[in-house]
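Me: I would like to learn how to read a structure like this one. Can we go through it feature by feature?

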Amino acid sequence: NVQPLNLTIRQNVLGVKTRLAGDVVYGALPQLSVGAQAKWNEDPAVPLALGAEDDNGMELTMSASKLWLNALAGRNLFANLTMRRRDASQTGFLGYGSAATPRSDYEWLTEASVAVFLSRRWAFGYEYRQKPDSLAAVREDDWQDVFVGWFPSKSVSIIGAYAELGDVAGLPDQSGYYLSMQWTR
């Protein structure tokens, strides 16, 4: 657990998303959704010290998701494409806007994922997230990962991944393994 300058960064996120049209599984049209996220930092000192214009911001998303049954050698194939309108640095942890990118100059960034279901219980996939590079003091790289998911029942999922995040908040070459276990009733 490395903390540059012995600082802690905490962020709150409030989000909403709704389906506009289409369906993930049935019909030719993918599920089309729109969403919004309001994000704000608990302590604005770090973002403002690094040249961010503000410590809070709003992100808008437009997504298309589709699952094709028996699409790839008899396997189910899932794909998602999201366009995110934002001016955040490091997903907002390092603030919003900068002298180099005025607050009114939001960017549309691409996020994509694809997964092949090897069986009803196993999936393998890849995710990519484009990131802006708007703060002069901190470099920001695109994120990507490969993952394997195991779904032993409808209420249990276990996801393992290897993520390449590049430079994050001034820490170079951030990459590593990720494990998530979820149980729902």
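This is a predicted model: local features need pLDDT of at least 70, side-chain atom pairs count only at pLDDT 80 or more; totals for chains, interfaces and linings use all residues.

Me: What counts as a strand, and when do two strands pair?

Reply: Helices (H or I, at least four residues) and strands (E, at least two) are DSSP runs, numbered from the N terminus. Two strands pair if DSSP finds at least two bridges between them. Here, strand β4 (residues 56-72) and strand β5 (residues 75-86) pair in the antiparallel sense over ten bridges. Their hairpin has two residues between the strands, and Ala-73 takes a positive phi near 50 degrees there.

Me: Which strand pairs with β5 over eleven bridges?

Reply: That is strand β7 (residues 107-117), again in the antiparallel sense. Thr-82 stands opposite Glu-111 in β7. Asn-80 faces Ser-113, also in β7.

Me: In what order do the nine strands of the open sheet run?

Reply: The order is β1-β2-β4-β5-β7-β8-β9-β10-β11, with antiparallel pairing. β1 (11-21) and β11 (171-183) stand at the edges with a single partner strand each, so one side of each has no neighbour in the sheet.

Me: How do I read an aromatic pair?

Reply: A pair of aromatic rings is described by the distance of the centres and the angle of the planes. Rings of Phe, Tyr and Trp (its six-membered ring) pair if their centres lie within 6.5 Å; planes under 30 degrees apart count as stacked, over 60 as edge-to-face and the rest as tilted. A search of the whole structure finds two such pairs. In one of them, the ring centres of Trp-122 and Trp-150 are 5.7 Å apart and the planes lie at 20 degrees, so this pair is stacked. Trp-122 belongs to strand β8 (residues 122-129) and Trp-150 to strand β9 (residues 143-153), so the pair ties together parts 28 residues apart in sequence.

Me: Is Trp-122 buried, exposed or in between?

Reply: Buried means under 20% relative accessible area, exposed over 50%, partly exposed in between (1.4 Å probe, protein chains only). Trp-122 has 39% and counts as partly exposed. Trp-150 is partly exposed too, at 34%.

Note on methods: Residues are numbered from 1 along each chain as its sequence is written. Side-chain values use heavy atoms; hydrogens and water are left out.
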